[in-house]
Amino acid sequence: MAIPITVLDCDLLLYGRGHRTLDRFKLDDVTDEYLMSMYGFPRQFIYYLVELLGANLSRPTQRSRAISPETQVLAALGFYTSGSFQTRMGDAIGISQASMSRCVANVTEALVERASQFIRFPADEASIQALKDEFYGLAGMPGVMGVVDCIHVAIKAPNAEDLSYVNRKGLHSLNCLMVCDIRGTLMTVETNWPGSLEDCAVLQQSSLSSQFEAGMHKDSWLLGDSSFFLQTWLMTPLHIPETPAEYRYNMAHSATHSVIEKTFRTLCSRFRCLDGSKGALQYSPEKSSHIILACCVLHNISLEHGMDVWSSPMTGPMEQPPEEEYEHMESLDLEADRIRQELMLTHFS
């Protein structure tokens, strides 16, 4: 005799038909303060994300209780900003922990698909010149179109044999390369590099380096700290400044480069899944890389919507190796050395 098999909806099994979910519960029923405290973003921003990602999050399903795009967005924001799949987050929106995980995966992939739309260098000369003018106004450093640095984000160990993700502090991580403008808008993000790679190696192997080496951004350069090699397109500080001009150059360099340090603090303060306070990201390197990129996309979208990058309370990012631990990268490029010397003579003498 055949035994009938019933496929159970996990949310229905856990909560029953009478459980209130955000498929029925409207955002207008809660206060702005509640949304900010639970999900880290205001009402209109959440509505914008639902509209932006709705087509990706409304895929056909055989389930009778498909989770709405609104609920999926809230679930993902709750995880990004808290760093936790804790039960109270699922309870707040009426879904199980397993469904929370699926929602985060869906929203993450939808955001990653739109990364090139929101993270990019300006293409027109007027916008590039505006970048240079803004950086020059900050500390007098000419020709700068962005500042570059790397940040480590902790991940779980992929497997016992893979040491490529073990960084210099003995932790498993991804070493993420980023470039930002003076407002903290990210213009390049590469989140897939293993934590064992030094910053200089990440940059040398990056698509960012290939772009500048190919001359895509002529007559402009980036600023990087002493963990990078001096390049014709990348100005680094002097190891031991000796003249007044060299001291002034280093001071202007430091003041300008500090923009990306503030950006990292803001990212990790707003998206607590990145700061290590709730532990490492419990995903494969590939999925962890996508989560980091999704948070960077959200960061830029929030700036487009007027949420000032410096407005969030800054608790600081996960601890980075102090700069003095890096071996100073001496210049191997005579032309780059000449450009830096000319820059100091022209603008800092």
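Two strands are taken to pair if DSSP finds at least two bridges between them. Helices (H or I, at least four residues) and strands (E, at least two) are DSSP runs numbered from the N terminus. By these criteria, E2 and E3 pair in the antiparallel sense over 6 bridges. The model is predicted: local features need pLDDT of at least 70, side-chain atom pairs count only at pLDDT 80 or more, and totals for chains, interfaces and linings use all residues. Residues are numbered from 1 along each chain as its sequence is written, and side-chain values use heavy atoms, with hydrogens and water left out.

**Overall composition**

- The protein contains 13 helices and 5 strands.
- Of its 349 residues, 53% are buried, where buried means under 20% relative accessible area, exposed over 50%, and partly exposed in between (1.4 Å probe, protein chains only).
- Contact means heavy atoms within 4.5 Å; among contacts between residues at least 6 apart in sequence, 72% join residues at least 24 apart.

**The sheet**

- Five strands form an open sheet in the order E3-E2-E1-E4-E5, with mixed pairing.
- Strand E3 (186-194) and strand E5 (234-235) are at the edges and have a single partner strand each, so one side of each is left without a neighbour in the sheet.
- Strands of a sheet pair through backbone hydrogen bonds, either parallel or antiparallel.
- Strand E1 (residues 144-154) pairs with strand E4 (residues 221-223) in the parallel sense over 3 bridges, and glycine 146 stands opposite leucine 222 in E4.
- E1 also pairs with E2, in the antiparallel sense and over 8 bridges; here valine 147 has cysteine 180 of E2 as its bridge partner.
- E2 and E3 form a hairpin with 5 residues between them, and glycine 184 in the turn has a positive phi of about 90 degrees.

**Burial of the strands**

- All 8 of the 8 residues of E2 are buried, and in E3 the count is 8 of 9.
- In a regular strand the side chains alternate between the two faces of the sheet.
- In E2, Ser173, Asn175, Leu177 and Val179 point one way, while Leu174, Cys176, Met178 and Cys180 point the other way, and all are buried.

**Helices against the sheet and each other**

- Axes are lines fitted to C-alpha atoms, for helices over the stretch in contact, and angles run from 0 to 180 degrees between N-to-C directions.
- H12 lies across E1, E2 and E3 and runs at about 165 degrees to E3.
- The axes of helix H6 (residues 97-113) and helix H12 (residues 285-304) come within 8 Å and cross at roughly 65 degrees.
- The contact is made by Thr108, Glu109, Leu111 and Val112 of H6 together with His290, Ile291, Leu293, Ala294, Val297 and Leu298 of H12.
- These contact residues divide into 7 nonpolar, 2 polar and 1 charged, where Ala, Val, Leu, Ile, Met, Phe, Trp, Tyr, Cys and Pro count as nonpolar, Asp, Glu, Lys and Arg as charged, and the others, Gly among them, as polar.

**Helix H4**

- Helix H4 (residues 69-82) has 14 residues and reaches 20 Å from its first C-alpha to its last, close to the 20 Å expected at 1.5 Å a residue; the expected span is 1.5 Å times one less than the number of residues.
- In H4, 14 of the 14 residues are buried, and the helix is followed by glycine 83, whose phi is positive, near 75 degrees.

**Individual residues**

- Methionine 141 is placed in the loop between H8 and E1 and counts as buried because its relative accessibility is 0%.
- Methionine 141 and leucine 343 are 202 residues apart in sequence and 9.0 Å apart in space, C-alpha to C-alpha.
- Leaving aside neighbours within four places in sequence, the contacts of methionine 141 include Leu223, Tyr249, His253, Leu343 and Phe348.
- Valine 259 lies in helix H11 (residues 244-270) and is buried, with a relative accessible area of 5%.
- Valine 259 is 113 residues from glycine 146 in sequence and 9.5 Å from it in space, C-alpha to C-alpha.
- Aspartate 219, in the loop between helix H10 (207-213) and E4, counts as exposed because its relative accessibility is 70%.
- Phi of aspartate 219 is near 60 degrees, a positive value in a residue other than glycine.
- Most residues other than glycine have a negative phi.
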